[in-house]
Amino acid sequence: IPAALFMAVTMTLVRAMAPDSRTPEEILRRVSDSLATQNPRNMFVTILCAIYDAKTGRLDYASAGHPPPALIREGKAEYLPLEPDMAAGIMAGLSAPSQSVQLQPGDQVVFYTDGVTEAFNAAGELYGEARLLAELAGHSDRTAAETTDSLLKSVRAHAAEHPQSDDIAVLTLKRAQ
């Protein structure tokens, strides 16, 4: 219950602070500072914050301890670069620098929780980052929904009957042609 309440507070803070912030870095700093001031259990949350301009195709993003998003472009998949930083809520003064990528028509960006890459199978093998990129590569022709569904099916097939040990969430953004 404490973790669920901490996440609910985090989401409320993001929604409240985003309209008055100009960059993902600023949103994450403000949210983390607020969480850190009232955090007697020393809890934390990983967050990837992104702002997408549909007119220009520019995606600005920053991470507080969250896995890097994957870019699918011309049949290849690679991780977008991230400046490493700590998770939000641990201490005030988080400095998760904003970065940006110019998306081309047809590009997709896949955001996911670490439960995707850390999904275990019965043999104790992780789904892993390499498998994630391999699953995403070669599928530029898919819709965002198809990319998301395909990745989730691949993770489920890998884990098979092994119980899920962490949250699994995927969101795919595709720039229109």
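These legends describe close-up views of a predicted model. Local features need pLDDT of at least 70 and side-chain atom pairs count only at pLDDT 80 or more, while totals for chains, interfaces and linings use all residues. Residues are numbered from 1 along each chain as its sequence is written, and side-chain values use heavy atoms, with hydrogens and water left out.

**View 1. The largest pocket and its lining.**
The largest pocket holds about 580 Å³ of space. A pocket here is an open set of points on a 1 Å grid over the protein atoms alone, where a 1.4 Å probe fits, with protein on both sides within 12 Å along at least five of seven lines. Its volume is the space filled by probe spheres set on the points, which are joined across faces, edges and corners. Lining residues have an atom within 4 Å of a point. There are 21 of them, and Met7, Val45, Thr46, Ile47 and His66 lie nearest the centre. Helix α1 (2-17) and strand β1 (47-53) each supply at least two lining residues. α1 gives the most, with seven. Helices (H or I, at least four residues) and strands (E, at least two) are DSSP runs, numbered from the N terminus. By type, the lining divides into 14 nonpolar, four polar and three charged residues. Nonpolar covers Ala, Val, Leu, Ile, Met, Phe, Trp, Tyr, Cys and Pro; charged covers Asp, Glu, Lys and Arg; the others, Gly among them, are polar.

**View 2. Helix α2 and its buried side.**
The arc is taken from the directions from the helix axis to the C-beta atoms. Their cover includes α1, β1 and β2 (58-64).

**View 3. Ser32 within α2.**
Ser32 has 0% relative accessibility, and therefore counts as buried. Leaving aside residues up to four places away in sequence, Ser32 touches Ala88, Gly89, Met91 and Leu94. Contact means heavy atoms within 4.5 Å.

Asn42 lies in the loop between α2 and β1. At 61% relative accessibility, Asn42 counts as exposed, a term for values over 50%. Ala160 sits in the loop between α5 (144-159) and β7 (170-174).

**View 4. Leu103 in the loop between β5 (99-102) and β6 (108-112).**
Leu103 is buried, because its relative accessibility is 0%. Not counting residues up to four places away in sequence, its contacts include Tyr52, Leu71, Val109 and Leu173. Leu103 and Thr37 are 66 residues apart in sequence and 37 Å apart in space, C-alpha to C-alpha.

**View 5. The two sides of helix α4 (129-136).**
Leu132, Leu133, Glu135 and Leu136 are buried in α4. Seen down the axis, they fall within an arc of 160°, so they line one face of the helix. On the other side, Ala130 and Ala134 are exposed. The buried residues pack against β3 (70-73), β4 (76-79), β6, α3 (114-117) and α5. Gly138 follows α4, with a positive phi near 80°.

Terms used
Buried < 20%, exposed > 50% of the residue type's maximum accessible area, 1.4 Å probe, protein only.
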